[in-house]
Amino acid sequence: MSKQNEVITKTVTQQEYEAYLAANDFSNYTKSDPKEILKIEDLLELRSGILKDESYSVSKVICSCGKTLTFFDFLTTAISENSHSKLFLVHALLGNKYGFQKPRLVTCSACGDQHIAYYTTPNYSCPNGGITHLGTN
Ligand SMILES: [Zn+2]
């Protein structure tokens, strides 16, 4: 396991990425609301408001404890596993690279249970069947 844990496994152009977003229906995803965006900015030690126009969504997963997983859980999982530094995540969220990632285990921030969750952000996504999309299956 010497390979670095990258945020984006498959890089595409901005145009290809926007085509992907336009071609897929994310209406069943849980989208971060403005209150959660503020929590995310705080978590990543960013200026308040810098992410306000961004859109972060996670596929609908309701944990056994009753909590609906959100992108905040995705970020706290990445940070607590120490797989990504906060700076690395900020760069992934606000950088100029577009692409796709494989599904990840996301830990519920309320109870610690783990779930596979898909997600989408303005520049990178783990699509449904993400591995298939990456052409490795
Ligand atoms: Zn839970």
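Predicted model: local features only at pLDDT ≥ 70, side-chain atom pairs only at ≥ 80, totals over all residues.
A salt bridge is a side-chain nitrogen of Lys or Arg within 4 Å of a carboxyl oxygen of Asp or Glu. Residues are numbered from 1 along each chain as its sequence is written, and side-chain values use heavy atoms, with hydrogens and water left out.

**Exercise 1.** Find the salt bridge partner of E45 and describe both residues.

*Solution.* 
- Step 1: the side chain of E45 meets that of K86, at 3.0 Å from N to O.
- Step 2: E45 sits in the loop between α2 and β3 and K86 in helix α4 (residues 86-94), 41 residues apart; helices are DSSP runs of H or I with at least four residues, strands are E runs of at least two, and both are numbered from the N terminus.
- Step 3: E45 is exposed at 62% relative accessible area, while K86 is partly exposed at 30% (buried is under 20%, exposed over 50%, partly exposed in between; 1.4 Å probe, protein chains only).

**Exercise 2.** Work out which arrangement the donor atoms form around the zinc ion.

*Solution.* 
- Step 1: the protein donors are the SG atoms of C63, C65, C108 and C111, lying 2.3 Å from the zinc ion (donors are N, O and S atoms within 2.8 Å of the metal, or 3.2 Å for Na, K and Ca).
- Step 2: the 4 donor atoms subtend angles of 99 to 113°, so the arrangement is tetrahedral (four donors with all angles between 85 and 135 degrees).

Key: Tetrahedral: all angles 85-135°; square planar, octahedral: opposite > 155°, others 65-115°.
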